[in-house]
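Please keep the structure in view while reading.

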Amino acid sequence: MTDGEAVALYNTGEKVAEASMPVTAGTWDPQGLIDLLRLFTSARPRTIKRVSELSSRLAPLAKLLRERLLAGLQPETLVAPIEAAKKAWATNVHEGVSDKDFASDLAQVVSYSLAIAALRGKADANKDNFLSLSEARDFLRGPNGVLAAALGPALEVPGLYRSLAPEIGAIERLASVVDASAIAKSKDSRGEPWLWFYEDFLEKYDAKARKEAGVYYTPTKIVECQVRLVDYILTEELGKPLSFGDQEVVTLDPATGSGTYPLAVLDQAAAVAKRERGDAGPQQVAKSLASNVMAFELLPGPYAVSHLRIGQRLAEMAGSLTPPEEVRVYLTDTLEDPVAAPPTLGLWGDVAVLAEERAKAADVKRLQPVTVVMGNPPYKRRTARSGGGWVVHPASGRALFADITESAQRHGVIFSAMRSIYDDYVYFWRWAVWKAFEQNPKAPAVVSFITSSSWLRGPAFVGLRELVRSFGDEVWVIDLGGEGRGAQREENVFSIQTAVSIVTIFRRGETSEEPALVKYRRVTGTASKKLTALDSVQAPAVDPDGWLTLSIDAGGIMLPPSEDDIWDAMPAVTDVFPWQQPGVIFGRSWATAPSASVLKERWKSLLARVDATERAEAFVTATTGRNIHTTVAGLPRLSDLPSDAPHKAIVRLAYRSFDAQWTFQDPRVALLERPSLWASASDKQVFLSTLATTPLGSGPALTASVHVPDFHHFSGRGGKDVIPLYRDAAGEQPNVTSGLLDYVGNRLNTKISAEDLAAYTYAVMAHPAYERIFHEQLSRPGPHLPLTANRDLFDQAVNLGQQLLWLQTGAQRFRSQENNRGNRIPNIDGIGWDKPVTKLPDSRLDISYDENTNRLEIGDGSVTGVRKEVWEFSVSGFPVVERWIGSRTRKGVGRASNPKLATPLDLIRPTEWEDAWNGELLDLLRMLTHTLDLYPLQEVLLEKILADGQISAEELPSPSPNERVAPRA
């Protein structure tokens with residue numbers, strides 16, 4: 001490192017030498033610089049003595065190699081040997097690999113080959129204290145032939161090594177200073193060092209890829225719990241006294257990562273064998289375990305680690321110095337077609353080794369009976385056209401995944417709500433059920449996974465739930481919670497935001513005609529308390545008081561019903577108003593804005609990009625869905641529009657609760673524009689929003705709008721949460737279950753309308769007391785409606801609800817001169833601007849509230865008379881006033897406010913505080929103030945309703961499947 005006057009040499013962040021530079025005329029002694037340069041050219045990295053140090057120092061060098069490979073594949077910097085290497089890799093290692101994945105794959109293979117060779121010792125064949133890649137490759141041909149072979153098809157490309165010499169050389173130098181004996185003795189405060197190695201490596205190598213691929217270390221206590229439960233099933237339910245060590249028990253981890261599950265299986269098998277047979281027991285079962293414990297892994301890095309660790313553990317059990325001749329860990333894509341095995345005849349060398357590996361893996365998938373499938377499969381959201389491999393897109397015949405999609409369709413799940421089923425973890429569930437239960441339909445089988453809990457309750461997963469219960473005799477669900485994005489947040493045992501569960505399914509023999517019995521238990525607390533609690537989890541037969549037996553339909557939600565009989569007797573809101581669906585999904589943040597003029601500028605900027613590639617980049621094209629070349633509703637393609645083409649109408653959108661913004665009434669700019677919602681919009685329509693599929697948080701359980709809602713309208717989080725009052729624009733087809741209005745009217749001895757029912761519902765649910773009273777019940781998604789059988793209470797609620805809906809729709813609905821509900825929200829003394837905003841606030845940091853003066857500061861402007869409760873008003877954790885103003889700052893809010901994530905069109909933002917916002921903000925503050933004044937009345941009314949007689953769900957007509965489906969636009 002130099003500043004032009006002096007130069008310094010650093011080694012691993014520590015200064016080791018310094019010398020002056022000849023910056024002025026006169027005497028200068030070059031000896032210092034000569035010595036420094038000699039030291040630099042002869043320097044060796046500091047010796048590595050810990051696994052954690054190896055991962056932290058290896059990852060940056062692997063990253064440099066990856067970036068060099070990726071650059072060599074770009075048209076402007078194309079390197080012929082790298083291009084040829086990618087073709088060889090796609091042919092022999094990873095079919096259909098992208099440029100990015102090839103660069104990452106090869107960088108990891110090079111890094112891990114050198115690291116593992118160094119850790120095994122004796123790989124430096126010429127004993128020159130320098131471990132070369134060719135030496136590592138030759139050394140690994142025996143103990144880890146597939147990893148060595150993976151280097152062949154690429155590194156044998158003429159000129160490739162020379163093109164990558166600086167990057168590979170840096171990794172070679174690092175591997176040359178690995179102290180294998182010291183690392184073997186090293187410790188990690190988190191547990192066994194190798195358990196953490198790959199996660200630590202990937203966090204530094206590519207944190208984004210780690211998150212997207214769902215690569216997270218599975219805590220040991222989770223693995224031990226799963227293994228302990230499966231051990232009980234094998235020994236007590238299936239009559240296998242040696243558990244995993246039984247010669248007839250075959251165990252497979254289909255996404256093994258660094259081998260945590262197979263290692264735990266080996267340890268459990270050794271413990272059982274010792275208990276059953278004595279000290280020699282583990283050695284006696286070692287041979288069958290070497291044959292019967294298998295694992296698949298797609299990524300080269302963790303494959304290398306798992307192969308190393310499992311081989312070592314098997315060697316220890318067998319009392320051998322070397323691993324078995326074949327360690328059954330396969331470098332393969334689990335979801336790859338098991339029938340399309342690659343040819344092995346006519347191939348030789350490394351290519352033959354790789355082809356043989358794929359053939360062996362295909363044989364396991366196609367032919368090998370498996371007793372136990374267990375692990376932590378990856379998660380990654382896909383689309384109907386991407387991902388899933390053979391499970392979703394077989395070369396011929398019916399797809400396994402059709403059992404899930406077709407069932408959802410039969411149950412009336414709308415297309416857009418089915419997006420959640422297209423995820424890697426769901427594909428792995430379907431594959432595991434096929435492998436364990438369907439390949440050998442009369443044999444005992446077990447599947448135990450820890451995955452997202454979404455499939456236990458989501459409406460689109462009804463087919464998976466039916467499938468699991470049709471093949472199993474029992475299903476054990478350990479709900480670990482951990483929802484980090486919802487209203488009722490909870491610590492997760494992983495560093496993710498999605499609730500997770502351990503689900504174990506087993507069959508004793510031939511499949512029964514009865515759906516599997518479902519046993520459930522909930523584990524709560526902090527992440528550490530949950531993990532500790534798993535130590536004491538025993539099988540339901542051993543600890544019957546710790547488990548609930550669920551009474552549910554075949555495809556029913558696999559979560560316990562509420563323990564509150566009153567709650568269960570209430571009709572679900574979605575059984576009263578049966579058509580519910582997600583709001584509009586744009587898939588690009590530039591298509592909405594708080595200012596219509598901003599949208600006009602964005603449209604001009606988009607069309608000013610005449611080049612199709614540039615226009616597509618500005619448009620923001622997802623991997624699937626609409627792009628600028630898509631023809632939509634007979635409109636011209638966006639790619640064909642001239643630079644002066646006019647935009648479609650700019651209309652209001654219910655962007656968030658109580659925040660109406662603007663968008664184009666143009667389906668070309670939306671990913672899913674929800675035509676049924678737009679078709680039903682009119683001056684009679686009211687759109688209610690709630691959280692129907694995720695838990696509600698504090699605040700009102702319903703909000704309303706007269707505009708078509710965004711997907712995330714209710715509280716910044718989306719779902720199947722929009723409930724229109726009418727199915728048509730004319731307001732002639734209420735979105736109310738057929739016969740329900742007549743039945744309730746007869747019970748109350750009056751005639752009621754859809755508007756009356758909506759107003760009643762709003763009065764009962766649109767306030768914090770509803771969520772507070774039913775907090776525990778609402779942890780299970782789906783609000784219920786206490787429907788009074790008392791005519792007087794019903795009328796009170798209708799009147800109160802009409803007042804609320806009039807206020808919260810901006811006085812655009814439920815007007816009544818008789819009740820003083822005119823065409824504007826009433827003023828409130830004291831609420832007003834005392835200083836105007838003359839300069840647009842830069843960000844939310846320019847917004848503040850002083851509770852001592854009740855003053856709201858917005859940049860250089862301020863509003864007086866703002867109550868603290870108004871400033872703090874929130875909807876399931878979403879701060880209404882702060883986010884309303886924040887959206888109207890220069891930077892805005894959300895992803896588009898982050899310079900690293902914002903697109904060029906996102907960066908076109910308001911440049912001044914618009915005058916319309918002055919009045920709109922005052923209306924928002926007035927509306928919230930009036931609303932808060934009504935909250936006490938709503939709470940008292942709800943208490944009276946709950947204390948009085950109610951109309952139960954059993955009395956009411958049930959909605960038909962057609963009533964739940966969105967009307968055809």
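## Aromatic rings

Phe-296, Tyr-330, Trp-390, Trp-431 and Trp-434 form a cluster that is linked by ring pairs. The model is a predicted one. In total, the structure contains 24 aromatic pairs.

A pair of aromatic rings is described by two values, the distance of the centres and the angle of the planes. For Trp-567 and Tyr-770, the centres are 6.5 Å apart and the planes make an angle of 50°, which is a tilted pair. This pair joins distant parts of the chain, since the two residues are 203 residues apart. Trp-567 belongs to helix H22 (residues 565–569), while Tyr-770 belongs to helix H29 (residues 768–773).

The cut-off for buried is under 20%.

A further pair is made by Trp-913 and Trp-917. Their ring centres lie 5.2 Å apart and their planes stand at 80°, so this pair counts as edge-to-face; the cut-off for that label is an angle over 60 degrees. Trp-913 is buried, with a relative accessible area of 9%, and Trp-917 is buried with 1%.

## Two packed helices

Helix H3 covers residues 80–92 and helix H4 covers residues 99–120. The two pack with their axes 10 Å apart, at an angle of about 90°. H3 and H4 are therefore roughly perpendicular to each other.

Which residues make the contact? From H3 come Ile-82, Ala-85, Lys-86 and Trp-89. From H4 come Asp-99, Phe-102, Asp-105, Leu-106 and Val-109. Sorted by type, the residues of this contact are six nonpolar and three charged, with no polar ones.

Strands of a sheet pair through backbone hydrogen bonds, either parallel or antiparallel.

How many bridges join E13 and E14? Strand E14 (residues 659–664) pairs with E13 over six bridges, in the antiparallel sense. Across from Ala-660 in E14 stands Ala-654.

Methods
Residues are numbered from 1 along each chain as its sequence is written. This is a predicted model: local features need pLDDT of at least 70, side-chain atom pairs count only at pLDDT 80 or more; totals for chains, interfaces and linings use all residues. Side-chain values use heavy atoms; hydrogens and water are left out. Two strands pair if DSSP finds at least two bridges between them. Helices (H or I, at least four residues) and strands (E, at least two) are DSSP runs, numbered from the N terminus. Axes are lines fitted to C-alpha atoms, for helices over the stretch in contact, and angles run from 0 to 180 degrees between N-to-C directions. Angles under 35 degrees count as roughly parallel, over 145 as roughly antiparallel, 65 to 115 as roughly perpendicular and the rest as oblique. Contact means heavy atoms within 4.5 Å. Ala, Val, Leu, Ile, Met, Phe, Trp, Tyr, Cys and Pro count as nonpolar, Asp, Glu, Lys and Arg as charged, and the others, Gly among them, as polar. Rings of Phe, Tyr and Trp (its six-membered ring) pair if their centres lie within 6.5 Å; planes under 30 degrees apart count as stacked, over 60 as edge-to-face and the rest as tilted. Buried means under 20% relative accessible area, exposed over 50%, partly exposed in between (1.4 Å probe, protein chains only).
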